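Student: I would like to go through the salt bridges here. Can we take them one at a time?

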Amino acid sequence: MDNPVPPPAAAPGPRRRDRHGRGMRGPVAPPQVPLSASRAEVFADLVQDSVERLERRWPQLAEIDFLVLEVPRLDAPGEAWSDEPVPLGGTMPSREGRPARVVVYRRPVEIRTKGRDERAALVHEVVVEQVAELLGLTPETVDPRYGED
């Protein structure tokens with residue numbers, strides 16, 4: 001017996017269902033929801049919040065670049081590791097038309113903290129310490145609440 005009805009041709013568009021009859025999988029959360037932000041993006045937001053907090057008191061911070069790097073790197077190739085602790089941040093003074101920079105290292109800070117609140121507090125401490133070093137002031141001068149738990 002011949003089948004008088006030919007099978008339907010595959011549509012030239014995207015598949016609507018997979019071979020098990022389920023629909024296409026989508027993202028767990030829409031992009032505007034914080035759940036979809038990566039750890040690096042959340043960390044950069046913590047640094048930005050800290051900088052904005054300090055800029056109200058120190059408007060000259062608008063001229064400084066604040067960077068987030070994954071980990072600190074060795075200064076020279078082939079340099080051996082030392083027994084010094086891993087830095088949480090660093091500064092680079094301005095030179096040749098390049099603005100001063102404050103760097104916060106994400107992974108060392110994340111390793112030393114357990115939760116978001118603790119991480120935010122440590123990020124703020126690192127930013128305050130680096131800004132104080134760059135401006136030649138004490139951290140308590142930069143942020144009067146420095147060191148308070």
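Tutor: Start with the term. A salt bridge is a side-chain nitrogen of Lys or Arg within 4 Å of a carboxyl oxygen of Asp or Glu. This is a predicted model: local features need pLDDT of at least 70, side-chain atom pairs count only at pLDDT 80 or more, and totals for chains, interfaces and linings use all residues. Residues are numbered from 1 along each chain as its sequence is written, and side-chain values use heavy atoms, leaving out hydrogens and water.

Student: How many salt bridges does a search of the whole structure find?

Tutor: The search covers the whole structure. Its count of salt bridges is 4.

Student: Which residue forms a salt bridge with Arg53?

Tutor: The closest N and O atoms of this pair are 3.8 Å apart.

Student: Is Asp143 buried or exposed?

Tutor: Its relative accessible area is 7%. The cut-off for buried is under 20%. Asp143 is therefore buried.

Student: How far apart are the closest N and O atoms of Glu70 and Arg106?

Tutor: Glu70 counts as partly exposed at 40% relative accessibility. Arg106 counts as buried at 8%. The two form a salt bridge, with the closest N and O atoms at 2.4 Å.

Student: Which residues are linked with Glu70 in a network of salt bridges?

Tutor: Arg106 also forms a salt bridge with Glu110, at 3.0 Å between the closest N and O atoms. Both Glu110 and Arg106 are buried. The network links Glu70 with Arg106, Arg107 and Glu110.

Definitions and conventions: Buried < 20%, exposed > 50% of the residue type's maximum accessible area, 1.4 Å probe, protein only.
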